[in-house]
Amino acid sequence: MKPKDLITISIETTLLTSLAKIGFKFSKSSLTFKRKVGDFVQTIHFQLNRHNQENVSAEFWTSFEVSSKKYSKWHQIEFGESAINDSLGGAMDWNIKDWEFPIINGKKESHFQIINENERENVLKTLKDNILNIGIPFLNNLSNWENAAYKIVEKGWFHSKACDFFLIAGNHEKALWALEQGIDYWKKHPKASFPENQDKIQLRLSKFFGKQVK
């Protein structure tokens with residue numbers, strides 16, 4: 001069986017029923033689960049190793065993302081142009097706190113490998129436990145304008161977008177705080193900040209708070 005077919009069947013067998021019960025729909029063509037929760041779309045994507053070979057390797061990772069069309073509409077109204085994207089954020093599985101990869105042949109892996117039939121059940125059980133107990137809570141936490149904004153500020157980038165999310169949430173105090181954090185970051189790390197990011201910060205300072213970058 002081709003690696004993609006094996007992975008697809010394994011995903012359907014292991015996850016389809018459990019995720020369908022909580023509103024996710026599966027796309028075979030993109031190997032993606034999606035569901036809408038309020039303003040947000042939660043996505044779980046399975047990324048295959050491009051070096052997979054039949055009877056040799058069937059390896060993959062997962063990524064998690066939250067997006068919202070509401071942000072695109074809000075951005076168009078406020079600034080007269082579309083946002084670069086409507087993502088609130090996301091992460092590859094290995095960057096999610098407490099995520100666990102399977103142990104195969106006594107060795108802790110950094111991916112999911114299901115080519116070995118004897119190991120497959122254990123690997124897929126680990127995958128399911130991770131997605132239900134760690135991945136879904138990660139998506140739920142990120143499906144909140146203020147939570148997403150705080151995560152952006154913590155990473156030290158796109159402070160203007162964090163400001164937007166706070167504004168959508170109605171928190172003008174934190175929206176200004178996000179911009180001030182962006183100014184502070186830019187001053188401390190001038191080579192790590194793109195000029196357009198500074199322009200976006202200034203635009204929001206002027207439009208929403210009547211201020212200028214000092």
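These legends accompany close-up views of a predicted model.

**View 1. Salt bridge between Asp-86 and Lys-69.** In this predicted model, which holds 8 salt bridges, one of the pairs is formed by Asp-86 and Lys-69, with the closest N and O atoms 3.5 Å apart. Asp-86 belongs to the loop between helix H2 (69-79) and strand S5 (87-92), while Lys-69 belongs to helix H2, so the pair ties together parts that are 17 residues apart in sequence. The two partners fall into separate accessibility classes: Asp-86 has a relative accessible area of 17% and is therefore buried, the limit for that class being under 20%, whereas Lys-69, with a relative accessible area of 57%, is exposed.

**View 2. Salt bridge between Glu-100 and Lys-108.** Side chains of opposite charge can pair when their charged atoms come close. Here the side chains of Glu-100 and Lys-108 meet in such a bridge, with an N to O distance of 2.8 Å. Glu-100 is partly exposed, at 41% relative accessibility, and Lys-108 is likewise partly exposed, its relative accessible area being 46%.

**View 3. Salt bridge between Asp-184 and Lys-188 in helix H6.** The side chains of Asp-184 and Lys-188 form a salt bridge in which N and O are 3.2 Å apart. Both residues lie in helix H6 (residues 172-188), and because they are 4 residues apart there, about one helical turn separates them. Asp-184 counts as partly exposed, with 35% relative accessibility, while Lys-188 reaches a relative accessible area of 57% and is exposed.

**View 4. Surroundings of Ser-57.** Ser-57 is found in the loop between strand S3 (40-48) and strand S4 (59-67), and with a relative accessible area of 12% the residue is buried. Its side chain takes part in a polar contact of 2.9 Å with the side chain of Asn-52, and a further polar contact, of 3.1 Å, joins the side chains of Ser-57 and Gln-113.

**View 5. Aromatic pair of Tyr-71 and Phe-165.** A pair of aromatic rings is described by the distance of the centres and the angle of the planes. The count for this model comes to 18 aromatic pairs, among them the edge-to-face pair of Tyr-71 and Phe-165, with 5.1 Å from centre to centre and 80 degrees between the planes. This pair links distant parts of the chain, since Tyr-71 sits in helix H2 and Phe-165 in helix H5 (residues 159-168), 94 residues apart. Both Tyr-71 and Phe-165 are buried.

**View 6. Aromatic pair of Phe-166 and Trp-177, with Lys-174 over a ring.** Phe-166 and Trp-177 form an edge-to-face pair, their ring centres 6.3 Å apart and their planes at 75 degrees. The pair links distant parts of the chain, with Phe-166 in helix H5 and Trp-177 in helix H6, 11 residues apart. Phe-166 is buried at 0% relative accessibility, whereas Trp-177 is partly exposed, with a relative accessible area of 25%. Lys-174 lies over the face of Trp-177, at 4.7 Å from the ring centre.

**View 7. An aromatic cluster.** One aromatic cluster is formed by Phe-26, Phe-33, Phe-46, Phe-60, Phe-64, Trp-99, Phe-101 and Phe-112.

**View 8. Hairpins of strands S1, S2 and S3.** Strand S1 (residues 25-27) pairs with strand S2 (residues 32-37) in the antiparallel sense over 3 bridges, and in this pairing Ser-27 stands opposite Thr-32 of S2. S1 and S2 make a hairpin with 4 residues between them, in whose turn Leu-31 has a positive phi of about 50 degrees. S2 is in turn joined by 6 bridges to S3, the two strands running antiparallel, and Arg-35 has Gln-42 of S3 as its bridge partner. The hairpin of S2 and S3 has 2 residues between the strands, and Gly-38 takes a positive phi near 60 degrees in this hairpin. In a regular strand the side chains alternate between the two faces of the sheet.

Notes:
Residues are numbered from 1 along each chain as its sequence is written. This is a predicted model: local features need pLDDT of at least 70, side-chain atom pairs count only at pLDDT 80 or more; totals for chains, interfaces and linings use all residues. Side-chain values use heavy atoms; hydrogens and water are left out. A salt bridge is a side-chain nitrogen of Lys or Arg within 4 Å of a carboxyl oxygen of Asp or Glu. Buried means under 20% relative accessible area, exposed over 50%, partly exposed in between (1.4 Å probe, protein chains only). A polar contact is a pair of N or O atoms within 3.5 Å; within protein, one must be able to donate a hydrogen and the other to accept it, and residues adjacent in sequence count only if both atoms are side-chain atoms. Contact means heavy atoms within 4.5 Å. Rings of Phe, Tyr and Trp (its six-membered ring) pair if their centres lie within 6.5 Å; planes under 30 degrees apart count as stacked, over 60 as edge-to-face and the rest as tilted. A charge sits over a ring if NZ of Lys or CZ of Arg is within 6 Å of the ring centre and within 35 degrees of the ring normal. Two strands pair if DSSP finds at least two bridges between them. Lists of a residue's contacts leave out its neighbours within four places in sequence.
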